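These are my notebook entries on a single model.

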Amino acid sequence: MSLKGRNAVVTGSTSGIGLAYAKALAAEGVNVLINGFGDKDAIEKERAGLESGFGVKAVYSPADMTKPAEIAGMIRQAQDALGSVDILINNAGVQHVSPVEDFPDEKWNQIIAINLSSAFHAIKAAVPGMKKSGWGRIISTASAHSLVASPFKSAYVSAKHGLAGLTKTVALEVATHKITVNCISPGYVWTPLVERQIPDTMKARNLTKEQVINDVLLTAQPTKEFVTPEQVAAIAVFLCSDAASQITGANISVDGGWTAA
Ligand code: NAD
């Protein structure tokens, strides 16, 4: 069965991987609720572009993923505006890089809230509707850092390992309801999240931009190439298909071989 007419919520979809998920699902005829921060006009342009480009309905929620009540409100908004939430993609995420002894408490709390707890709150709000309709797909963007660590990323690595554990737990709980729950673990994807780390790393390590890209970032990635947002989104579309109905509780690496090492 095609995905046409299904309804999806994609958190953190005003840029990067999230926006690629929204576009790839819309291309399959899926109506989408997009979410995230950014310039108001730019977000409206993306929302309207999904409708005009793909002939689907697209709505926007400014819900802050650190706020459980706003997350529940976002799921309700999608149910009211689109009719249901059949597909939930937990994707919002932020990063902070610092030695553990200097790691600011508020950055720890923010990363755990956005990268891990928001997925719990969104899943909790969306599962009853999926159980009722007897079909659902829950996908979270984890990371190679859900499987292995890197120094100075204590909050991010902890949150992503947690997200992989949440994925497995919920997959078992809903397994008989035709709801699958999986996470996708990209290596380095060229998005604003990665671009923003480059100036600080250049300063901290006294390197050029090219050195940061090749000797710091891509050093972990055996293919020496960045993953593209579209490649990650294509996996999500596949996970939503009938062909993937027996894939649940999985953590799918898209990391150029990073975690094979
Ligand atoms: P990005 O910065 O381009 O996108 C992040 C999105 O999250 C944006 O839409 C932003 O507005 C939104 N966001 C941030 N804080 C929010 C909040 N409090 N409430 C709601 N939305 C919020 O980054 P990206 O690289 O596309 O990252 C998307 C996901 O992919 C993240 O979970 C990230 O950890 C994960 N990931 C990224 C990479 C990479 O190399 N880029 C690798 C592995 C995993």
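**Entry 1: Glu-44 and its partners.** I began with Glu-44, which is partly exposed at a relative accessible area of 39%. I worked on a predicted model throughout. Glu-44 makes a salt bridge with Arg-47, with 2.9 Å between the closest N and O atoms. I noted that the two residues are three apart in helix α2, and therefore about one helical turn separates them. An α-helix has 3.6 residues a turn, so residues three or four places apart point the same way. I then found that the pair belongs to a network of salt bridges that links Glu-44, Arg-47 and Glu-51.

**Entry 2: other salt bridges.** How many salt bridges does the count come to? I recorded four. One of them joins Glu-46 to Lys-23, whose closest N and O atoms are 3.9 Å apart. Because Glu-46 lies in helix α2 and Lys-23 in helix α1, this pair ties together parts that are 23 residues apart in sequence. Both ends are partly exposed: Glu-46 has a relative accessible area of 28%, and Lys-23 has one of 36%. I also looked up Lys-67 and Asp-64, whose side chains meet in a salt bridge at 3.3 Å from N to O. Here Lys-67 counts as partly exposed at 38% relative accessibility, whereas Asp-64 is buried at 16%.

**Entry 3: helix α2.** I checked the length of α2, residues 40-54. Its 15 residues should span 21 Å at 1.5 Å a residue, and the end C-alpha atoms are 21 Å apart, which agrees. Which residues of α2 are buried? I listed Ile-43, Arg-47 and Leu-50. Seen down the helix axis, these buried residues fall within an arc of 55 degrees, so they line one face of α2. They pack against α1 (16-27), β2 (31-35) and β3 (58-61). On the face turned away from the buried side I found the exposed residues Asp-41, Lys-45, Ser-52 and Gly-53. After α2 comes Gly-55, with a positive phi near 65 degrees.

**Entry 4: helix α3.** I repeated the check on α3, residues 68-82. This helix has 15 residues and reaches 21 Å from first to last C-alpha, close to the 21 Å expected at 1.5 Å a residue. The buried residues of α3 are Ile-71, Met-74, Ile-75, Ala-78 and Leu-82. They cover an arc of only 90 degrees around the axis, which puts them on the same side of α3. I found that they pack against β1 (7-10), β2, β3, β4 (87-90) and α4 (105-133). The face turned away from the buried side carries the exposed residues Ala-69 and Asp-80. Gly-83 follows α3, and its phi is positive, near 115 degrees.

**Entry 5: the largest pocket.** I recorded about 870 Å³ of space in the largest pocket. Of the 42 residues that line it, the closest to its centre are Ser-15, Asn-91, Gly-93, Leu-193 and Arg-196. Elements that give two or more residues to the lining are α1, α2, α5 (154-173) and α6 (192-195). Which element gives the most to this lining? I noted α2, with four residues.

How values were computed
Residues numbered from 1 in each chain as written. Predicted model: local features only at pLDDT ≥ 70, side-chain atom pairs only at ≥ 80, totals over all residues. Heavy atoms only, no water. Expected span 1.5 Å × (residues − 1). Buried < 20%, exposed > 50% of the residue type's maximum accessible area, 1.4 Å probe, protein only. Arc of directions from axis to C-beta. Contact = heavy atoms within 4.5 Å. 1 Å grid on protein atoms, 1.4 Å probe; cavity = no way out; pocket = protein on both sides within 12 Å on 5 of 7 lines; lining within 4 Å. Points joined across faces, edges and corners; volume = space filled by probe spheres on them.
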